[in-house]
Amino acid sequence: MTRRSATGKLARDERAVSISFGFILTLSITVITTIVLISSFYAMMDRAEQTVMRDEFEIHGNDISLQISNIDTAVQITNNAGGKVESITYQLTLPDTIANEQYSVEFSDQPKEIIFESGGRDETGGRDETRVKVPYTTHNTNVTPTKLYSGSNDFLVHYNVSSNMLEIH
Amino acid sequence: MKKWNDSAQMILIAGFAIGIGIVVLTVMLNNIIYASNTASEANIETNVFDFSSTMKVTTHAYEKAYEANSIDNAYIFNYTRKMAESYALAGFIFTLSNDSLQEPYLSQNGLNNGNSDWVVIDRVNRTDIFEIGINTSRLGNESKPFVIEALNQSGMFWSARICNSSGTFNLTVTNSTDILRTENIGGGSPSLNITNNTPFDFHFDTLTSGEQYRIRFTNGSQAGGTFSISGELTNGQPFEIKRYHVLSTTMSLNKNGHMEMNVTIPVTLPGGQI
């Protein structure tokens, strides 16, 4: 009898249920909203990181492309003057990491492109999001196909006189 | 009492809104700062046009410094110092050195590995002086004779072919179809005055008269020698090209250790004005 009356009282006590249920509901909504908000900001940050990385790759790619063209033009000017290039060496200064990621730089001869790739993978597991291709042009010389990995400050673009090739190492 | 309660709810909602606003602002600001911090400067060196003009200026300096079959070293020293000073402002170290004067070949750059077949002068209206000195000890054989040609729109109409034919140094003058003359020019370093017809008639003046033509050397790297040519171009401008010596000059540009460039350029002296 006592138990039934207690159960009936609890069932009828709408105020207490309302307050605790309301609190749990509010807390849950708040937590879920906060989690959704924060995770969406993380996604946004990741996207911004990739955007920055691509911009950086393009800046460095264009810089290298310009230097390759410069060396090629210098060789052409010297050859046209009947002269001979003894040596041309250009030191590439590339940062160890871009947007906190290691990266690789590939020099392709056919087609003539400099391909930057980030060491990190994006959320889909691929690298396409951060892969940047920058074309370069040479008329007299060719670039030895090679792949560099960030981490060293001493990248050199060297003109090999005997093979008429630009070697990057 | 109820009013106060309602106000408290509003304050709570406002508090939440402000809190979320602060979080959003912080994350966005952090994003912006992060993006701007990761952007780095590109290190661009535009040196090619400087380099091209430096080569031209250096060639010109050697032409100026050439006096009476020698180089005025004081002039070159001064030039090097001035160039080093002006390049120093741009962060470059400029150095210049040269070999001694050498007897040239009749190739485009004056060296034996230079371009053999080349046009000495184009769009010629009249040639007043055309002297050439051949070093017969550096003359090619019959398979690679040194040839001087005058060409107009229709092709070659005068040529002089010089070669070493088993120790005999033969010169053959032809027009477009026939051999006009064959002479032995003798050993040593004979001087041939083509416009003055010395030591024999080259038929150059008579055949080139009234023509507009260009003068071409073929197999120039097969013959050592000097030449001097002057006259008038079709536009009425005078021209003068002389080559008595060739000198190899080595130019070096170094920028902060980032860029090093060493090139050797032959300079034919005393050069000329076209």
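Mentor: A residue is buried if 20 or more other C-beta atoms lie within 10 Å of its own, and exposed if 12 or fewer do. The model discussed here is predicted.

Trainee: How many buried residues are there in strand E8 of chain B?

Mentor: Strand E8 of chain B takes in residues 179-184, which is six residues. The strand is described as hardly covered. Its count of buried residues is zero.

Trainee: Which residue of E8(B) is the bridge partner of Leu171(B)?

Mentor: Strand E7 of chain B, residues 168-175, pairs with E8(B) in the antiparallel sense over five bridges. The two strands form a hairpin with three residues between them. In E8(B), the partner of Leu171(B) is Glu183(B).

Trainee: Is Thr168(B) buried or exposed?

Mentor: Thr168(B) belongs to strand E7 of chain B. Its C-alpha atom is separated by 9.9 Å from that of Glu183(B), 15 residues apart along the chain. Because Thr168(B) has 12 of them, Thr168(B) is exposed.

Trainee: Which residues have the most contacts inside the largest nonpolar core?

Mentor: This core has 73 residues. Its largest share, nine residues, comes from helix H2 of chain A, residues 14-80. The residues with the most contacts inside the core are Ile71(A) and Ile162(B).

Trainee: What separates the centres of domain 2 and domain 3 of chain B?

Mentor: Chain B is divided into domain 1 (1-32), domain 2 (48-98 + 247-273) and domain 3 (125-236). Domain 2 is thus written as two segments, 48-98 and 247-273. Taken over C-alpha atoms, the centres of domain 2 and domain 3 are separated by 34 Å.

Trainee: Which element gives the largest share of the side of chain B that touches chain A?

Mentor: The contact takes 32 residues from chain B and 32 residues from chain A. On the chain B side, the elements giving two or more residues are helix H1 (2-38), helix H2 (48-65) and strand E13 (259-273). By class, that side has 15 nonpolar, 15 polar and two charged residues. The largest share, eight residues, comes from E13(B).

Trainee: In what order do the elements of chain A run from the N terminus on?

Mentor: Chain A has two helices and eight strands. Among its contacts with a separation of 6 or more, 62% are between residues 24 or more positions apart. Buried residues make up 25% of the 169 residues in the chain. The order is α-α-β-β-β-β-β-β-β-β.

Trainee: How far apart do the end C-alpha atoms of residues 21-45 of chain A lie?

Mentor: An unreviewed UniProt entry annotates residues 21-45 of chain A as "transmembrane region". In the model the span is 100% helix and 0% strand. Its end C-alpha atoms lie apart by 36 Å.

Trainee: Where is the cis peptide bond that leads from Gln110(A)?

Mentor: Its omega is near -5 degrees. Pro111(A) is found in the loop between strand E2 (103-108) and strand E3 (113-118) of chain A. The bond runs from Gln110(A) to Pro111(A).

Trainee: What is omega for the cis peptide bond from Thr198(B) to Pro199(B)?

Mentor: Pro199(B) lies in the loop between strand E9 (191-193) and helix H4 (204-208) of chain B. The bond from Thr198(B) to Pro199(B) is cis, with omega near 10 degrees.

Trainee: Is Asn219(B) buried or exposed?

Mentor: Asn219(B) has phi near 60 degrees, a positive value in a residue other than glycine. This residue is found in the loop between strand E10 (213-218) and strand E11 (224-233) of chain B. Because it has 20 C-beta neighbours inside 10 Å, Asn219(B) counts as buried.

Key: Residues numbered from 1 in each chain as written. Chains lettered and ligands numbered in written order. Predicted model: local features only at pLDDT ≥ 70, side-chain atom pairs only at ≥ 80, totals over all residues. Contact = placed C-beta atoms within 7 Å. Helix = DSSP H or I, 4+ residues; strand = E, 2+ residues; numbered from the N terminus. Nonpolar A, V, L, I, M, F, W, Y, C, P; charged D, E, K, R; others polar. Core = buried A, V, L, I, M, F, W, Y, C linked by C-beta atoms within 7 Å. UniProt positions renumbered as here; feature names shortened; annotations may be inferred. Pairing = 2+ DSSP bridges.
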